[in-house]
Amino acid sequence: MSAADRDPAPERSKPPEQRGPRPEHEHIPNKKSGRRTELDAKLTVTPGESRTKSRHHIYVSPSGEKLLRVTILPKRGGGKKGVQEHWDGESWETGAGGHRGLLYRRDRLEAKRPRTVWIAEGEKDVESLEAAGKTATTNLGGAGKWIDAMSAELSALGVKLAYVVRDLDEPGEKHALKVAASLRAVGIKVRHMAPAVGNDVSDHLAAGLPVSDLSQEPPTDPSPSPSETGAKCEKVAPGVRPAALQLLLNRTNAKQVGESQWEARCPAHDDRSPSLSIALGTDRPVVATCHAGCSIEAISDAVGIALADFSRLPPADEFEASVREAERRMRVQEEARRRVNAVPRRVVLHAVGETLVDALAAPTEVEEWAVEGLLTRGGNALLAALMKAGKTTLAQNLSVAWADDEPFLGRFAVTPLVGRIAYLDYELSEAQAIRWWRDLEIKHPERIVRPLFLRGDNLPFWEDETRDELAAWLRDNEVERLIVDPAARAMRPLVDDENSNSQVAAWTDSMDALKKDGGVSELVVVTHFGKGAREEDEERARGASRLEDWADSIWYLSKERQGDARWLRALGRDVEVAPLDLQYDSDTRRLTASGQSRDERRASETHLSVLDALAAVGDGASTRAVVAAITGLKKDARDRAVLSARECGLLRREYEDGAAESDGVRPGQALKCFMTESGRRLQGGKVDRSAGAET
């Protein structure tokens with residue numbers, strides 16, 4: 001090797017006057033004490049920062065006292081290494097100093113005491129998650145160094161849910177499984193996450209992807225689990241086996257004889273040679289047959305595996321196993337409802353002795369409207385609509401009216417926003433919804449939080465941890481008004497029967513709790529009409545009556561069975577709006593009130609049919625000719641339509657000799673029809689209706 005190929009001499013071998021500036025991470029030995037000096041500041045690595053840069057991370061006690069420092073240094077030729085130092089009260093000393101089981105950011109966990117925490121594989125990933133707004137931690141030492149004491153510590157802090165974000169390599173998969181098992185053992189729920197790009201969450205965030213785009217695919221164990229007794233199966237097939245099957249294989253020391261087949265000595269009798277055949281089942285995970293004649297019950301009892309895990313049960317056992325499984329599902333449902341109904345209420349009781357006299361004497365605020373005549377401040381509205389009548393379009397129009405401080409439907413005044421609007425969209429795809437929002441040309445889109453598109457997902461806010469997380473999101477975004485569209489999908493999986501009043505009541509109670517915890521003032525829930533609820537003014541929301549009972553006001557959006565005409569009616573507490581005619585502009589996706597009621601609009605359309613017929617046959621035509629020319633009306637309604645148009649002053653009639661109709665009957669003379677000036681204005685000002693809204 002030539003001198004040119006060798007590494008250059010270290011900086012410290014040069015004379016002082018030739019040395020460059022000292023790297024920030026370099027430790028300078030103290031010649032007298034041999035101790036290292038503390039770094040002046042901790043280096044923070046943000047997502048996307050170079051991996052070749054050194055950085056350190058400080059582990060502290062719950063009160064914030066320094067305990068240990070990990071310095072990440074680049075290795076020659078690539079890669080990195082970590083150097084641990086402990087704080088002895090005066091300076092940093094090499095080594096961990098006996099510290100183990102430390103959680104990173106322990107002081108922040110103590111201060112926040114979060115119900116939800118994110119667990120990453122390294123300190124850099126924790127800092128990346130913090131930059132994305134999450135409360136995060138990791139364990140000292142990296143992959144494989146998690147101990148049960150850390151799980152117990154998180155449980156003691158009140159953590160109920162942990163998102164375990166793994167690295168995409170074999171150590172990362174094993175580490176995530178180990179952490180998850182430890183957390184579940186202390187009662188903490190676990191959700192696995194993984195980067196959509198790159199190897200770790202820092203790569204994912206550095207690529208510009210949000211936390212919500214992390215993959216939720218669970219990890220796979222790259223190696224089979226050892227048995228409780230230390231026995232192993234030969235020729236283990238790749239893939240993850242059902243737990244019951246793996247347990248049976250372990251407890252019988254089975255030997256693999258095929259791709260999904262094993263043989264073992266039967267545990268139910270004194271078996272001197274293998275007589276038990278084992279295979280992977282389909283409907284249930286285990287197929288076991290003792291060729292010496294032992295029953296499934298005897299084998300189940302001998303190995304301690306539930307009878308319900310075995311396939312090919314005798315008919316009686318099959319029935320009993322099905323009954324037990326049905327009982328288990330019912331208990332799970334009942335316990336879920338009990339927990340939902342047990343949501344604590346923080347009610348402040350009045351002082352003892354206060355009566356209605358005190359309430360009447362107290363000054364009261366004038367009740368305001370969020371939407372004048374339709375929804376009071378602090379109220380809940382239920383928007384029920386006929387399928388494809390435009391319920392989502394109407395909900396988006398409401399959002400625009402609130403955001404831009406303009407009358408809803410061009411008619412109902414709104415109270416200006418103080419906070420923002422949030423929209424939980426369970427129905428539209430994100431691409432279609434954004435196109436619809438763009439067509440609306442909203443002036444103040446910054447007043448609407450980026451909508452959550454949840455089609456195919458669920459957001460179980462009736463569970464404590466999810467409600468806390470969602471309520472915090474609403475508060476942090478200063479959400480004042482919340483729209484949920486539609487109810488049927490938002491209820492899943494809590495409600496499996498929309499006609500059950502008790503199940504729907506559990507959901508509406510949870511909705512009220514979320515509204516209160518999230519600081520939301522007004523709530524609008526969108527739903528469909530029930531089956532058969534199409535009779536005019538007899539419409540009702542789909543499902544249990546408890547949903548309509550819950551709402552302070554109900555808005556019914558309906559549509560003509562033939563044609564594109566729509567109308568809105570509303571009723572509720574201090575709310576009563578007669579069916580109001582709506583017009584739809586397909587270019588702007590705007591719905592506006594025409595200024596007429598539904599009945600007035602229908603009368604206008606009937607009169608237009610008469611005037612169009614008169615225009616076609618010409619002024620002075622006989623009534624019979626006009627009636628014959630009317631289209632769009634049944635035969636028995638045409639005569640009534642002509643009389644109605646005459647009564648409204650849209651046409652006049654006179655006899656052939658010129659006498660007015662009011663002069664009395666002229667035998668043998670036909671009545672001729674003439675359009676009045678009012679009729680000409682109406683007939684000339686008619687507007688074609690645009691195509692209907694899609695949803």
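Modeller: Start with the open sheet of four strands ordered β1-β2-β3-β4, paired antiparallel. Keep in mind that this is a predicted model.

Colleague: Which strands are the edge strands there?

Modeller: β1 (55–60) and β4 (92–94). Each of them pairs on one side only.

Colleague: How many degrees are neighbouring strands turned against each other on average?

Modeller: 30 degrees, with direction ignored.

Colleague: Which helix lies across β1 and β2?

Modeller: Helix α2, residues 123–131. Its direction is about 85 degrees to β1.

Colleague: OK, next sheet. What is the order of the strands in the one with β9?

Modeller: β9-β10-β11-β12. That is an open sheet of four strands, with antiparallel pairing. β9 (255–258) and β12 (286–290) stand at the edges with a single partner strand each, so one side of each has no neighbour in the sheet. On average, neighbouring strands here are turned by 30 degrees against each other, direction ignored.

Colleague: How many bridges join β10 to β11?

Modeller: Four. β10 is residues 261–264, β11 is residues 276–280, and they run antiparallel. Within that pair, A264 has L276 in β11 as its bridge partner.

Colleague: What lies across β10, β11 and β12?

Modeller: Helix α6, residues 243–252. α6 runs at about 155 degrees to β11.

Colleague: Switching to helix packing. At what angle do α16 and α18 cross?

Modeller: Roughly 100 degrees, and their axes come within 9 Å. α16 is residues 598–617 and α18 is residues 635–647. At that angle, α16 counts as roughly perpendicular to α18.

Colleague: Which residues meet there?

Modeller: From α16, T606, H607 and V610. From α18, A641, V642, S644 and A645. By type, the contact has four nonpolar residues, three polar and no charged.

Colleague: How does the lining of the largest pocket divide by residue type?

Modeller: 19 nonpolar, 16 charged and eight polar.

Colleague: Last topic. How many cavities of 30 Å³ or more does a search of the whole structure find?

Modeller: One. The space in the largest cavity is about 40 Å³.

Colleague: And which residues line the largest cavity?

Modeller: A487, M491, E498, V504, T527, R542, G543, A544 and L547. That lining has five nonpolar residues, two polar and two charged.

Colleague: Great, that covers my list.

Definitions and conventions:
Residues are numbered from 1 along each chain as its sequence is written. This is a predicted model: local features need pLDDT of at least 70, side-chain atom pairs count only at pLDDT 80 or more; totals for chains, interfaces and linings use all residues. Side-chain values use heavy atoms; hydrogens and water are left out. Ala, Val, Leu, Ile, Met, Phe, Trp, Tyr, Cys and Pro count as nonpolar, Asp, Glu, Lys and Arg as charged, and the others, Gly among them, as polar. Two strands pair if DSSP finds at least two bridges between them. Helices (H or I, at least four residues) and strands (E, at least two) are DSSP runs, numbered from the N terminus. Axes are lines fitted to C-alpha atoms, for helices over the stretch in contact, and angles run from 0 to 180 degrees between N-to-C directions. Contact means heavy atoms within 4.5 Å. Angles under 35 degrees count as roughly parallel, over 145 as roughly antiparallel, 65 to 115 as roughly perpendicular and the rest as oblique. On a 1 Å grid over the protein atoms alone, a cavity is a set of points where a 1.4 Å probe fits but cannot get out, and a pocket is an open set with protein on both sides within 12 Å along at least five of seven lines; lining residues have an atom within 4 Å of a point. Grid points are joined across faces, edges and corners, and a volume is the space filled by probe spheres set on the points.
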